[in-house]
There are 2 protein chains.
Amino acid sequence: MKLYDSKPAPNPRRVRIFLAEKGMPLAGGNIEHIEVDIARGEQRNEAALARNPLGQIPVLELDDGTCISESVAICRYFEGMQPEPPLFGADPVAQGLVEMWNRRVEFGLLGPVGVAWRNGPIVARMAPGRFRQNEQAKEDAEEAARRFYRRLDGWLAERAFLAGEDYSIADITTLCTVDFATALVDLAPDPALSHLARWHAEVSARPSAKA
Amino acid sequence: MKLYDSKPAPNPRRVRIFLAEKGMPLAGGNIEHIEVDIARGEQRNEAALARNPLGQIPVLELDDGTCISESVAICRYFEGMQPEPPLFGADPVAQGLVEMWNRRVEFGLLGPVGVAWRNGPIVARMAPGRFRQNEQAKEDAEEAARRFYRRLDGWLAERAFLAGEDYSIADITTLCTVDFATALVDLAPDPALSHLARWHAEVSARPSAKA
């Protein structure tokens, strides 16, 4: 199978970290790793659109030609193929709670960070005209992201990882979002949010975070 | 267990349809069904915020007090408890593809319909000041929703249901979004999109659609 990937983007990193946590190597394993040059628009050429008509990365192409896009969908496939260690929850209650936490972070943080990014200076410079800029949406998204960081800090005061005592896809989503927001959207968490900082240091110290 | 529900909202309906497709009755079964009055803000009173600090409905409260919010997370729990018929995919490939289609619809249609709703006349009248109104965001969201309807029509020309030959959570998400967009956001699909109309008539004819 082939994984169409992009190093700088936050969503593909979720898949790379997921695979690292599963002990499935990207190099030397049975996954052919293909880096797509987003800056050159390679994710929207004809062959890429045949794999994913939405023109997004990552995409997993199975040996029979079936293509799975959406980072979490690719992770679901790998969870089914190799259940251990479970990263979507080990039983129905945990599966519900991991899904809940992953979605809370996606809607409450990843979504707003994406809006701030699309309406920010890098996109305006690199892809002028691709998105109609909306300053009010950017401001509201930044405020929503900061509010969510404060919520996160409170939740992480009470547990080791987002969904409880076990590391999960919800931690992967949060780590990739925070690092992207810090590096490319000027939306780093306030360092005074000490529980969020403790959690971030711990998940960043796992070998998978280098993925 | 208790399901905190709201009849008019699109997300709780996803859970009701899911349960109907599983053959798990909301009345007379082992789920206590509690209708929450959103117009009166009951989802944000102290007891409700203890169940879900985000103040959203639906919430499933298990007998040990564990609370699962987010519609799809509640559905995941029920899928784990009663796997048949599978509504998230029967094997790893199907699980990946169902997740992909559900997410395409959530990000491509449910998200924009939600933006159009929050910036539309009903919210401005019923909850003045709750959201800063953004006319440009509303226009862009309406255009995105119409564009996605055209994509949906093309996809549904080639298959019975969103994710292939089997009905899934992706169909539930799409049905609830289309019906909400039609009834409350003035964003009904163009009837000329005949494949989308064919699919909509078929899924609406299932007994679960009355949920």
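Begin by selecting residues 2-5 and residues 32-35 of chain A: these are strands β1(A) and β2(A), which run parallel and are joined by 4 bridges. Strands (E, at least two residues) and helices (H or I, at least four residues) are DSSP runs numbered from the N terminus, and two strands pair if DSSP finds at least two bridges between them. The model is predicted: local features require pLDDT of at least 70 and side-chain atom pairs pLDDT 80 or more, whereas totals for chains, interfaces and linings use all residues. Residues are numbered from 1 along each chain as its sequence is written, and chains are lettered from A, with ligands numbered from 1, in the order in which they are written.

Then select β3(A), residues 59-61, which pairs with β1(A) in the antiparallel sense over 3 bridges. Here Tyr4(A) stands opposite Val59(A).

Finally, colour chain A by domain: domain 1 spans 2-81 and domain 2 spans 92-210, with bounds from an automatic or database domain assignment. Their C-alpha centres lie 21 Å apart. Each domain of chain A contributes 9 residues to the contact, counted where C-beta atoms, placed from the backbone, lie within 7 Å. On the domain 1 side, α1(A) and α3(A) (71-81) each supply at least two residues; α1(A) gives the most, with 7 residues.

Methods
Two residues are in contact if their C-beta atoms, placed from the backbone, lie within 7 Å.
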